[in-house]
Amino acid sequence: AAGITAVAAGIAATGGRLLSSARNNVAQARDALRLPSPVKAAAPVPAGVQSPVPGVFPWLTPNSEFYRIDTALSVPEINVNDWELRVHGMVEQEVTMNFQDLLDAELIESHVTLTCVSNPVGGKLAGNAKWLGLPIREVLAKAKPKEGADMVLSKSIDGFSASTPLEVLQDDRDAMLAIGMNGEPLPVEHGYPVRMVVPGLYGFVSATKWVVELEVTRFADAKAYWTERGWSERGPIKTMARVDVPKSFAKFPPGKVAVGGTAWAQTRGITKVEVQIDDGEWMEATLSDEASTITWRQWSFEWDATPGIHYVKARATDGTGEVQTEKRADPVPDGASGWPSVMVTVE
């Protein structure tokens, strides 16, 4: 038994060294990667995108603070020299691409806000970053999807899959195969070397990390990872506002109080945010500048606080005129809804 234990320990130690070596090699390759310049740079960001209220989350989310939700038990370590994307299924021409093909392609840059479907009302599972990548519509144009196809099943190297409507990947919203995030190569935990970024859809049906396969198919013929587990097969993002300041259970004296937060409705944009104190009338907040309809928008409001326990609520209106619904819904199956509310004490 002692001998078997010693052998097992030796194997485990060797495996650990090999795994550590592989991780070091991937990390070194990522650090050495120099991203190409985009043929289409991100649009200039207006000076006033950040809410003036101290404590509101940064308009541009640092990579280290960007939310992470995935199904990987351990972060996949992919050598860029081995990475390959296969596009197949209901196509006239199967397409394969390697990482050098991406580096040599005409890449674009865009600020895009991503949101997780499991984000609760008022939650923090959303982030905004500048992405660099190749428009997926260009890859699909080479493959030439056949008539009748309506979905692309993207697959990760770890077995995850997502069902994305075909037309969303072919329109002008610049869904991309991203290789860069905020001016640097994708962090390994965010999908290095390649991930999908699709404006307007929750990540569970679009934002496949460590992507290696795009199967052009039909919703009637294939199911994605979360669809098989009771979630919806399509995931358009709902109009949502969030109160960042003040925090729940905060205490402060009577007088002028700065209230601020963030709102999003990717591809539709935010045109109004309103604030309600307790059950009073809705009052319009001041919107920060809008960078684009595919990024979130921040807001601020000055409240003349009176003594007592109060509830601060917010709701957003998107570019179509739709007002954020009061109806509460859990994240399952297609995203949470309701008005965010924070309780504070003024004394």
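Phe 160 counts as buried, at 10% relative accessibility. Buried means under 20% relative accessible area, exposed over 50%, and partly exposed in between, with a 1.4 Å probe and protein chains only. Before we dig in: this is a predicted model, where local features need pLDDT of at least 70 and side-chain atom pairs count only at pLDDT 80 or more, while totals for chains, interfaces and linings use all residues. Numbering runs from 1 along each chain as its sequence is written, and side-chain values use heavy atoms, leaving out hydrogens and water.

**Exercise 1: rings**

*Step 1.* Rings of Phe, Tyr and Trp (its six-membered ring) pair if their centres lie within 6.5 Å; planes under 30 degrees apart are stacked, over 60 edge-to-face, and the rest tilted. The structure holds 10 aromatic pairs.

*Step 2.* Now place them. Phe 66 is in the loop between helix H1 (2–32) and strand E1 (84–89), and Trp 131 is in strand E4 (residues 126–135), so the pair ties together parts 65 residues apart in sequence. Helices (H or I, at least four residues) and strands (E, at least two) are DSSP runs, numbered from the N terminus. Phe 66 is buried at 6%, and Trp 131 is buried at 0% relative accessibility.

*Step 3.* Phe 160 sits in the loop between E5 and strand E6 (161–165), and Tyr 225 in the loop between strand E10 (211–217) and E11, 65 residues away. Tyr 225 is partly exposed, at 22%.

*Step 4.* Look around Tyr 225. Ring pairs link Phe 160, Phe 204, Tyr 225, Trp 226 and Trp 231 into a cluster. Arg 229 lies over the face of Tyr 225, 3.6 Å from the ring centre. For a charge to sit over a ring, NZ of Lys or CZ of Arg must be within 6 Å of the ring centre and within 35 degrees of the ring normal.

**Exercise 2: a helix with two sides**

Sort residues of H3 into buried and exposed.

*Step 1.* In H3 (residues 136–143), the buried ones are Ile 136, Val 139, Leu 140 and Ala 143. They cover an arc of only 95° around the axis, which puts them on the same side of H3; the arc is that of the directions from the helix axis to the C-beta atoms.

*Step 2.* Ala 141 and Lys 142 are exposed on the other side of H3.

*Step 3.* Just after H3, Lys 144 takes a positive phi of about 60°.

**Exercise 3: Ser 156**

Work out which residues Ser 156 touches and which backbone oxygen its side chain reaches.

*Step 1.* Ser 156 is in strand E5 and is buried, with a relative accessible area of 6%.

*Step 2.* Beyond four places in sequence, Ser 156 touches Thr 208, Lys 209, Trp 210, Val 211 and Val 212. Contact means heavy atoms within 4.5 Å.

*Step 3.* Its side chain reaches the backbone oxygen of Lys 209 at 3.0 Å. That's a polar contact: a pair of N or O atoms within 3.5 Å; within protein, one must be able to donate a hydrogen and the other to accept it, and residues adjacent in sequence count only if both atoms are side-chain atoms.
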